[in-house]
Amino acid sequence: MTESTSAEPGIAAAVVVRGGRVLMVQRRIAEGELSWQFPAGEIEAGETPEAAAVRETAEEVGLAVKAVGLLGERVHPKTGRRMSYTACEVVSGAATVVDTEELAELAWVTCEQIAEFVPYGLFEPVQAHLDDRLRPGAV
């Protein structure tokens with residue numbers, strides 16, 4: 001029995017919410033149906049998924065964030081990669097595309113717009129977090 005994801009580093013994604021919207025980035029080169037995603041990248045040796053999510057957000061969009069909590073982990077159904085999703089809050093900065101080799105653009109997306117950006121749906125714990133954080137009156 002072999003696991004295709006065991007040899008590859010896991011991928012950490014940052015679920016960054018600010019002002020009733022979630023940050024999404026568009027990959028320059030789509031991976032199948034995966035074009036828009038959360039800021040994400042490989043977890044480095046000795047790094048926690050939360051630390052990787054914070055680092056990748058800074059490297060990709062120049063935004064300083066802090067990890068609030070791990071939302072969950074799974075093998076991504078579209079890529080077969082081990083994924084971890086971390087809820088993050090903005091500490092400082094304004095998001096811009098910093099990693100121009102990897103990213104084409106970014107968008108702050110409302111809860112109602114998520115299906116336009118990710119038509120195959122989000123990982124259930126991530127969707128539940130966003131439903132809670134993006135609802136009217138949420139902090």
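Which residue takes a positive phi in the hairpin of strand 1 and strand 2? That residue is G19, with a phi near 60°, in a hairpin that has two residues between the strands. The model is a predicted one, in which local features need pLDDT of at least 70 and side-chain atom pairs count only at pLDDT 80 or more, while totals for chains, interfaces and linings use all residues. Residues are numbered from 1 along each chain as its sequence is written, and side-chain values use heavy atoms, with hydrogens and water left out.

**Strand pairing**

Helices (H or I, at least four residues) and strands (E, at least two) are DSSP runs numbered from the N terminus. Two strands are taken to pair if DSSP finds at least two bridges between them. Strand 1 (residues 11-18) has seven of its eight residues buried, so the rest of the structure largely encloses it. Here, buried denotes under 20% relative accessible area, exposed over 50%, and partly exposed in between, with a 1.4 Å probe and protein chains only.

Strand 1 pairs with strand 6 in the parallel sense over seven bridges, and M83 in strand 6 is the bridge partner of I11. With strand 4 (residues 40-42), strand 1 runs antiparallel and is joined by three bridges; A13 has A40 in strand 4 as its bridge partner. Strand 1 also pairs with strand 2 in the antiparallel sense, over two bridges, and V17 stands opposite V22 of strand 2.

Strand 2 (residues 21-31) in turn pairs with strand 3 (residues 34-37), again in the antiparallel sense, over three bridges. E31 is placed opposite L34 in strand 3. The hairpin of strand 2 and strand 3 has two residues between the strands, and G32 takes a positive phi near 65° there.

**Aromatic pairs**

A pair of aromatic rings is described by the distance of the centres and the angle of the planes. Rings of Phe, Tyr and Trp (its six-membered ring) pair if their centres lie within 6.5 Å; planes under 30 degrees apart count as stacked, over 60 as edge-to-face and the rest as tilted. The structure holds two aromatic pairs, tabulated below.

| Pair | Centre to centre | Angle between planes | Arrangement |
|---|---|---|---|
| W36 and F117 | 4.8 Å | 85° | edge-to-face |
| Y85 and F123 | 5.2 Å | 35° | tilted |

W36 belongs to strand 3 and F117 to helix 2 (residues 114-117), so their pair ties together parts that are 81 residues apart in sequence. W36 counts as buried at 12% relative accessibility, and F117 is buried with a relative accessible area of 17%. The pair of Y85 and F123 links distant parts of the chain, with Y85 in strand 6 (residues 82-92) and F123 in the loop between helix 2 and helix 3 (124-133), 38 residues apart. Both Y85 and F123 are buried.

A nonpolar core is a set of buried Ala, Val, Leu, Ile, Met, Phe, Trp, Tyr and Cys residues joined through side-chain atoms within 4.5 Å. The largest has 21 residues, of which V22, M24, F38, Y85, V126 and L130 touch the most other members. Two or more residues each come from strand 1, strand 2, strand 6, strand 7 (103-109), helix 2 and helix 3. Strand 1 gives the most to this core, with four residues. A second, separate core of 14 residues includes L23, A52, V61 and C88.

In helix 3, the residues V126, H129 and L130 are buried. They cover an arc of only 95° around the axis, which puts them on the same side of helix 3; the arc is that of the directions from the helix axis to the C-beta atoms. The cover over the buried residues of helix 3 includes strand 1, strand 2, strand 5 (64-75), strand 6 and helix 2. Contact means heavy atoms within 4.5 Å. Not counting residues up to four places away in sequence, V126 touches V15, F38, L71 and Y85.

**Polar contacts**

A polar contact is a pair of N or O atoms within 3.5 Å; within protein, one must be able to donate a hydrogen and the other to accept it, and residues adjacent in sequence count only if both atoms are side-chain atoms. S35, found in strand 3, has a side chain joined to that of Q26 by a polar contact of 3.4 Å. E47 lies in the loop between strand 4 and helix 1 (49-61), and a polar contact of 2.7 Å joins its side chain to that of R55.
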